[in-house]
Amino acid sequence: MENKFEFTEKQRFTQWWLWLLLSVVMIYTIYNFIEDRQYFSTLELAISILIPTLVIILFLVIRLETKIDEHGISVRFFPFQITFRYYPWRNIKKAYVRKYSPLTEYGGWGMRQGLFGKGKAYNVKGNEGLQIILNDKKKVLIGTQKQNELKLYLENSKKV
């Protein structure tokens, strides 16, 4: 049974343009494999198929997980982080949902380090996230697709 004082979210890369790009790269690689196989060694052919396949598998596996409860905020960018990064409420000065620009503030999506004091970001899509400001002034932004539910959770929990 889910705790009513808990917020959880799992996100994946589901953007159509990303999967289109990955598909085009894979189709192009297979096409070149079929057309020019006499010019490549077996190892080169295997690598040229293996690398795009591994990239596609990686994007299928990647997920951003967020858990918020009465103790704090936990985030994990799997498979790059096996364990959750935990931010206890006592270390958080402020937490709120805001719009942001993934490209201009953090250089894109994924696990990112923003420039000019923007702090760390965890995101996979969209432009809304949970902005956390820690007591030591460090910042962490966690992307969300459940911004309304998250705002409501923060208002009802009255943690920050």
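1. Valine 61 belongs to helix α2, residues 42-61. Helices here are DSSP runs of H or I with at least four residues, strands are runs of E with at least two, and both are numbered from the N terminus. Valine 61 is partly exposed, at a relative accessible area of 32%. Buried means under 20% relative accessible area, exposed means over 50%, and partly exposed is in between (1.4 Å probe, protein chains only).

2. This is a predicted model: local features need pLDDT of at least 70, side-chain atom pairs count only at pLDDT 80 or more, and totals for chains, interfaces and linings use all residues. Residues are numbered from 1 along each chain as its sequence is written, and side-chain values use heavy atoms, with hydrogens and water left out.

3. Serine 48 also lies in helix α2. Its relative accessibility is 30%, which counts as partly exposed. The C-alpha atoms of serine 48 and leucine 18 are separated by 20 Å, with the two residues 30 apart along the chain.

4. Now the sheet. Strands count as paired if DSSP finds at least two bridges between them.

5. Strand β9 (residues 139-143) has four of its five residues buried, so the rest of the structure largely encloses it. β7 (residues 120-123) runs parallel to β9, joined by three bridges. β8 (residues 128-134) pairs with β9 in the antiparallel sense over five bridges. Isoleucine 142 of β9 is the bridge partner of tyrosine 122 and of leucine 130.

6. β8 and β9 form a hairpin with four residues between them. In the turn, lysine 137 has a positive phi of about 75 degrees.

7. β6 and β7 run antiparallel, joined by four bridges. Methionine 111 has tyrosine 122 of β7 as its bridge partner.
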